[in-house]
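Hello,

Please find the structure below, followed by notes on what was found in it.

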Amino acid sequence: MDNVSVIRTFTLTGINETMDYKAAIFSLTLVYYCVILFLNISLIVIIVLDENLHEPMYVLLCCVCINAVYGTTGFYPKFLLDLLSFAQEISYEWCLFQAFVMYSFACCELSILAVMAYDRYLAICRPLHYHLIMTKGKLSQLVSFSWLTPICIFSISILLTSRLELCRLKIKRLFCVNWIIVQLACQDSDTLSNNIVSYATIFIYVSHGFFIIWTYMRLIRTCVTSKDDRVKFMQTCVPHLISLITFLTVIVFDLMYMRFGSADMPQSLQNFIAIEFLLFPPMMNPLIYGFKLTKIRHRILSLIYIQRQ
């Protein structure tokens with residue numbers, strides 16, 4: 001235990017094993033981050049500028065892309081800077097801020113995916129009422145819910161963490177995580193409030209998961225009896241389902257390891273598990289939706305054709 005009365009700087013020790021290959025990792029990470037930004041920002045611009053894409057499904061897809069830019073920007077620039085630095089340190093305030101960004105990014109993603117599932121349920125199972133229910137006002141409320149709920153929850157969580165007296169300064173990760181910062185607290189610190197908020201957050205977002213399962217049960221039941229609905233399901237729900245499964249898989253792996261994982265696991269594998277949710281969903285989502293959704297695919301192809309002209 002580090003005998004520190006007031007900790008103002010944390011050391012990120014997760015990067016230590018990668019320092020021998022830092023030039024190669026820096027180059028690959030920089031290219032990967034630039035591709036993520038290019039794909040997501042391109043999709044955002046296409047949806048914003050094309051009025052034909054100002055429909056709930058595409059607005060929600062735009063939110064997914066904005067969230068991807070938000071979350072990856074909370075990690076990649078700092079990681080790239082660490083690869084160029086001799087000491088991988090982060091200030092106390094920036095560490096709390098990064099933890100807030102990482103958690104809010106992940107939960108915003110799940111909230112938006114839940115709203116997308118609800119949108120597809122209305123479009124396929126209740127098509128006659130779709131435009132009456134999914135109005136611009138209703139869509140604005142759902143999008144606001146997707147963003148504001150995680151922001152409020154994790155603002156409270158970070159404020160509770162900031163009051164803890166910390167006795168250790170080493171974080172065995174590539175980035176700051178709220179739960180790990182709480183574990184650095186001194187033994188006599190009261191972490192009950194943090195635990196209550198953590199379990200309440202888990203309950204809220206597990207309920208999101210059950211809601212998504214319910215919507216897909218209704219979707220599948222409807223699509224079994226209608227060929228047109230099956231075509232619509234394959235066109236619009238399959239990309240959402242792939243995004244959802246990818247995101248949930250990487251998040252569950254990370255949470256299970258963080259809570260129950262062995263410290264004897266190689267650091268490189270620990271790092272990979274920790275950043276999966278920053279590697280795969282932000283890259284896959286714009287590719288999947290760009291190729292699968294007809295309107296977006298046609299818009300991209302028309303732009304390429306115009307440039308060639």
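How many residues does helix H11 have, and how far does the helix reach from its first C-alpha to its last? Helix H11 (residues 281-292) has 12 residues and spans 16 Å, close to the 16 Å expected at 1.5 Å a residue. Its buried residues are Pro 281, Pro 282, Met 283, Asn 285, Pro 286, Ile 288, Tyr 289 and Gly 290.

Bear in mind that this is a predicted model. The mean pLDDT of the protein chain is 87, with 94% of its residues at 70 or more. Over residues 1-5 the pLDDT is below 50, and this stretch has 11 contacts beyond near neighbours in sequence. Where pLDDT is low, the predicted coordinates should not be read in detail. Mean confidence is highest in helix H2 (residues 56-73), at 95, and lowest in helix H12 (residues 294-308), at 73.

The count of salt bridges is 3. Asp 82 pairs with Lys 78 at 2.4 Å, N to O; the two lie 4 residues apart in helix H3 (residues 76-84), about one turn of the helix, and both are buried. Asp 119 and Arg 120 meet at 2.8 Å, N to O, and both are buried as well. In the salt bridge between Arg 173 and Asp 254, the closest N and O atoms are 3.0 Å apart. Arg 173 lies in the loop between strand E3 (170-171) and helix H7 (178-183) and Asp 254 in helix H9 (residues 227-260), so this pair ties together parts 81 residues apart in sequence. Both Arg 173 and Asp 254 are buried.

On the surface, Tyr 199, Ile 202, Val 206, Phe 210, Ile 213 and Met 217 form a nonpolar patch, with about 630 Å² of accessible area together. Ile 213 lies in helix H8 (residues 192-224) and is partly exposed, with a relative accessible area of 48%.

Regards

Technical notes:
Residues are numbered from 1 along each chain as its sequence is written. This is a predicted model: local features need pLDDT of at least 70, side-chain atom pairs count only at pLDDT 80 or more; totals for chains, interfaces and linings use all residues. Side-chain values use heavy atoms; hydrogens and water are left out. pLDDT is the predictor's confidence in each residue, from 0 to 100. Contact means heavy atoms within 4.5 Å. The expected span of a helix is 1.5 Å times one less than its number of residues. Buried means under 20% relative accessible area, exposed over 50%, partly exposed in between (1.4 Å probe, protein chains only). Patches are made of residues with over 30% relative accessible area and no salt bridge: like charges are joined within 9 Å, nonpolar side chains (Val, Leu, Ile, Met, Phe, Trp, Tyr) within 5 Å. Accessible areas come from the Shrake-Rupley method with a 1.4 Å probe; for residues, only the protein chains shown count as cover. A salt bridge is a side-chain nitrogen of Lys or Arg within 4 Å of a carboxyl oxygen of Asp or Glu.
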